Each structure stands twice: as structure tokens, then as C-alpha cells.
Amino acid sequence: MKSPRLSHTANSASTKEKRLHLERLVSAAAPTPAEINAGSDAVSGLTQNPKSLPPKYFYDDRGSNLFELICQLPEYYLTRTETAILQGCAGAIANLTGPCEIVELGSGSSTKTRILLDAYSQLEYPLHYLPIDISPSILESSACQLLADYPSLQIHGLVSTYELALAKMAPSPLPTRMICFLGSTLGNLNAQECDVFFSQIVGALQPGEYFLLGIDLDKSKDILEPAYDDSQGVTAAFNLNMLRHLNRKYEGNFDLSQFEHWAFYNQEECQIEMHLKSKKAQTVQLRALNLTVEFAAGETIRSEISRKFKLNTVKQELSQRGLMPVQVWTDPNQWFGLMLCQMSDANK
């Protein structure tokens, strides 16, 4: 006969399982032909001059965990500033949207999502959360923690890239939906990529649904550069881990000890740039991609840009696409902005 404690534990676990559905839109196994084709962005980036790689290659399990550590660094003002803004305006956001499904692109540990969930809980709204992340382990672990803390929460997690998830999202189970793109990740996209991304957001939203966007605002390089080159070397480890990820995913032989982290603020372009600099002339292979790459001593791979924005410019770009700004919040220093937009009927 089962003890009451064991029975309760089993029932609790069963209840959590009913409230959690994880769906893989990308594989965690060895690369399939389709995924190798997806590696064409790596081939294109490493064969052009200058070389570059898309930021998605930061985020294997180790990269996701390193980024969580970066967010806690004293130099990295972005997370704590955005969190403070969100704490101040979450109640207003919940009131403005009403009951809605919260979709988060690049959910990670879902720390900031809890602020929104608390606000919707206080209004006794039903809680539905759709986290999207490329790392299956961090998606599952954060989902399980959320289910333990929010007994009525329903989670449908997608292990996926943003593009694929936005194209394949089912209709919202609640009256409306809010897609959240927090953490200044928009800055990782160049102007053309940003244009494509906004098109994907418009395509994923129905009229009346919402888009919550976090943007890092332009400021002094004395504040910006330490945020991307911290004294503890965590950002350097995060950057170099991109090469480790490529080695595993595409059968590569990058020697991480022969590359170094380099970050600086490009004032002309209003963007931080992170690079991986080759310490010597060397040859690297990615066998699964049939790719051989030659590096000169001192040559770099640009691994990330982080553009810094002006609020009025972004508001204008979104409005032109039918994403009408409802309200904008900033911190006292005007370092960071949080913008809630609503999809208009005219663009659908």
C-alpha cells in the first residue's frame, strides 16, 4: 500500500506533467541533412571577408548557462535595468492587455517572466506561457521551476529558433497573445535582419495582439564596453564557447586556445561588436559542412553586434508596420526602454 506522502508526490508530479508540453522543432541529436542545410549561415559567414557568425551559435546548453551568469555581472547593467523597469510597469501591462498568452523569444531561465506572471496572477487572469529557446535543458528546467511556483500555470515550450517558432505557433488559447522580446536581443540584428524579424512578428500576431520589446538605448562607451568585456572573463568564455558549439555540431576542430575575445564600441554604427581573434595563422575544418577555413594571424570572426537605439526611431519603424506603440517605459538614466505595441487591423 502506498504511503500518503508518496501518493501525494506522485499526484503532484502527474499534475505538473499535464500542465507542461514541450515540443521540439529542432533536433538535439547529430545534425540531420536539414540542419546541415541550416548551417549554410555558418558557411556563408566563415567564407566571406570579413568573417562573421550569427549569434544563434552562442546558445547551446553551456552558452545559455554562461549567458545567465553574464546577466548577474556588475558591469552588465542591461538585465538589472530592464528588470527594474518591468517591476514598475508589469501591472500596467497586464491591465492594458487583459488575459493573454505570454510568448517569450529566447526565454532562458524565465526570470523576468515571473514579474509578468505575478502581475497577471494578481488580476486572477489565467496563466498560459509559451517559452521559446534553442536549449532544451534550460527550457525544461525553467519550465519545471515555474510549474512548481505557479499551480495554475500552463506551459507549452518550443525548442526552436525564433524564425521557426514564429512561423509555426498555434492560435492563442486565451483572448489575446503578447510576444515578448526582452533583454535587448533586438540589437543583435543588423538593419536588414531587424526588418525581416519585424515582418515575422507581424506575421505571427493577429489584430489586437501585443508585442513587448526591450531595447538598449545609445549611451557612453565608458558604460557600454565593460558590459561586453567584464573583469571576470565570463563574456570571453561565452564568446569562445561559440567555437566549441560549432566543433560539436559540425564536427569541427577549432582550437579555442588559439582564439581570443575582443569587444569594442563602434561609435559610427552605434553598436558594440564582439569578435573572436585568431592568435596565429591557422586552418580550421568543419567536416559536416565540408568546409575548410583559413585564418591569418590577427584575423577575426565577428560573433555579435549589439546595436544601441533611439526610442523615437524604433517607434516609427514599428508604427510603419502596424505595430502601434501603446506605452513606453524607461529608467531614470534613459539607459533602457521597454515598449508595448499592439497589432493594428489595417496590416492584416
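Student: In which strand is the place of glutamine 271?

Tutor: This is a predicted model, in which local features need pLDDT of at least 70 and side-chain atom pairs count only at pLDDT 80 or more, while totals for chains, interfaces and linings use all residues. Residues are numbered from 1 along each chain as its sequence is written, and side-chain values use heavy atoms, with hydrogens and water left out. Secondary structure follows DSSP runs, numbered from the N terminus: helices (H or I, at least four residues) and strands (E, at least two). Within residues 271-278, the place of glutamine 271 is in strand E9.

Student: Is glutamine 271 buried or exposed?

Tutor: Buried means under 20% relative accessible area, exposed means over 50%, and partly exposed lies in between (1.4 Å probe, protein chains only). Leaving aside neighbours within four places in sequence, glutamine 271 is in contact (heavy atoms within 4.5 Å) with Phe264, Tyr265, Asn266, Arg302, Ile305, Ser306 and Arg307. With a relative accessible area of 7%, glutamine 271 is buried.

Student: How far apart in space are glutamine 271 and lysine 308, C-alpha to C-alpha?

Tutor: In sequence, glutamine 271 and lysine 308 are 37 residues apart. In space, their C-alpha to C-alpha distance is 5.7 Å.

Student: Which residues does serine 64 touch, not counting residues up to four places away in sequence?

Tutor: The place of serine 64 is in helix H4. Serine 64 is buried, its relative accessible area being 5%. Beyond four places in sequence, the residues that serine 64 touches are Phe58, Tyr59, Asp133, Ser135 and Ile138.

Student: How are H4 and H7 oriented to each other?

Tutor: The axes of H4 and helix H7 (residues 136-149) come within 8 Å and cross at roughly 55 degrees; axes are lines fitted to C-alpha atoms, for helices over the stretch in contact, with angles from 0 to 180 degrees between N-to-C directions. Asp61, Ser64, Asn65 and Glu68 of H4 make this contact with Pro136, Ser137 and Ile138 of H7. Angles under 35 degrees count as roughly parallel, over 145 as roughly antiparallel, 65 to 115 as roughly perpendicular and the rest as oblique. H4 and H7 are therefore oblique.

Student: What is the handedness of the crossing in which H5 passes H6?

Tutor: The axes of helix H5 (residues 77-97) and helix H6 (residues 111-122) come within 8 Å and cross at roughly 25 degrees, and H5 and H6 are therefore roughly parallel. A crossing is left-handed if the near helix is turned anticlockwise from the far one by less than a right angle, and right-handed if clockwise. For H5 passing H6, the crossing is right-handed.

Student: How many residues apart in sequence are the parts tied together by the pair of tyrosine 57 and tyrosine 250?

Tutor: Rings of Phe, Tyr and Trp (its six-membered ring) pair if their centres lie within 6.5 Å, and planes under 30 degrees apart count as stacked, over 60 as edge-to-face and the rest as tilted. Tyrosine 57 and tyrosine 250 form an edge-to-face pair, 6.1 Å centre to centre with 70 degrees between the planes. Tyrosine 57 lies in the loop between strand E2 (51-52) and helix H4 (61-70) and tyrosine 250 in helix H11 (residues 234-250), so the sequence separation of the parts tied together is 193 residues.

Student: What is the relative accessible area of tryptophan 335?

Tutor: Tryptophan 335 forms an edge-to-face pair with tyrosine 77, 5.5 Å centre to centre and with 65 degrees between the planes. Tyrosine 77 is buried, with a relative accessible area of 1%. Tryptophan 335 is partly exposed, with a relative accessible area of 23%.
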